[in-house]
Amino acid sequence: KSRTSSSSSLSSSSSSKSPPPKAVSPPAAAAKDEPEGPQILPPGESIIDVPVEAYQGTVYPAVSFNPEEDAATLRKAMKGLGCDDKAVVAVLAFRSTAQRQEISKCFQEKYGKKLRKELDSELGGDVKNAVKGLMMERLEYDAYLLYIAMKGLGTNEAIVSEILASRSNDALQKIRQRFSEDYKKDLLQELKSETSGDFQKLVLRLAAAEREEGNTVDIGIAQADAQTLYNAGEGRQGTDEATFIDILSRRSYPHLRAVFDAYKQMYGKDFLKVVGSETSGDLKMSLAAVVRCAQDTQAYFAKLLHKSMKGLGTNDDLLIRVVVSRCETDTVQIKQRFQELYGKSLASFVEGDTSGNYKRLLLALLAEK
């Protein structure tokens, strides 16, 4: 101890040692220096019903439908040298999927040949690829897209993510069944063998089709999920990818929209940007697809269509895949989102990036004659 020179310390009345000073508690105000955590509502205190938007495709059943006449028209278009692509487009682009199946059946009965095989041999280029998709049933087409995404060396993770993120539980269960019937393989086993790491964990969870359903959202639970995601990402060193995968693959899309809103309010950041900064590689790409589909599936597809045509060249595989797979589902809303996002019509982009009967086919499928 150091001594003090103060005379008071030498007082004769203090012959014994002074008692040690008492510990002083920090002032209560100091607690305010600690940042307060976000206020989270108790579960069950605030429950809302999210309104459901009605969607509409741009291809619908032809009113005056005669499968025998259509079969005869297609037979004539493919008979002899060459193929009248324009005549093929004039029939198939204005029929629903179910009606095309009827035409195929009638063609087989009347001419003893499989219409799909005939079209595949007579058509070429992008028209051939688009018609191939149109002649399939919708679930069959999705199963086919997943099959070719994993066929051969490498895997097209973008196609896998696009389909698994945008289809409903019911559709995914039926796609798995159709995949098994058409290719004699189990979809989950194929995904497991063709993917790896955290991306594998995510796509297997998505393909299992166990996402919660319904349009009722508990705001308190959504806020708790937002806090859990923050603690798994921005709130710590490194990222707990398993938590991101669990919440984003398990919660319903209406619930996830509430989670993203809560995250923005609680932590001031758009969750899509959080995915971009906290994850990487194929996992980042696939999680982003889930987030975008949860936020607005039709805007997601509008952005994919824009991506397929922006800049030099055209990604025709992507363009065909989106138009063919969505034309009987929600292309009315996709066209609206496209206009809102880019200030130009989807039709104007298609007209500028395609030509000939290929352009005629796409515009017909989009109800842009």
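Me: What makes Tyr230, Phe244, Phe260, Tyr263, Tyr267 and Phe271 one aromatic cluster?

Reply: In this predicted model, Tyr230, Phe244, Phe260, Tyr263, Tyr267 and Phe271 form one aromatic cluster, and rings of Phe, Tyr and Trp (its six-membered ring) pair if their centres lie within 6.5 Å, with planes under 30 degrees apart counted as stacked, over 60 as edge-to-face and the rest as tilted. Local features need pLDDT of at least 70, and side-chain atom pairs count only at pLDDT 80 or more, while totals for chains, interfaces and linings use all residues. Residues are numbered from 1 along each chain as its sequence is written, and side-chain values use heavy atoms, with hydrogens and water left out.

Me: How many aromatic pairs does this rule give, and why is the pair of Phe107 and Tyr111 called tilted?

Reply: The count comes to 14 aromatic pairs. Phe107 and Tyr111 lie 5.0 Å apart, centre to centre, with 55° between the planes, so the pair falls within the distance limit and between the two angle limits, and is therefore tilted.

Me: What makes the pair of Phe260 and Phe271 stacked?

Reply: Phe260 and Phe271 are 5.2 Å apart, centre to centre, with 10° between the planes, which is under the angle limit for stacking, so the pair is stacked.
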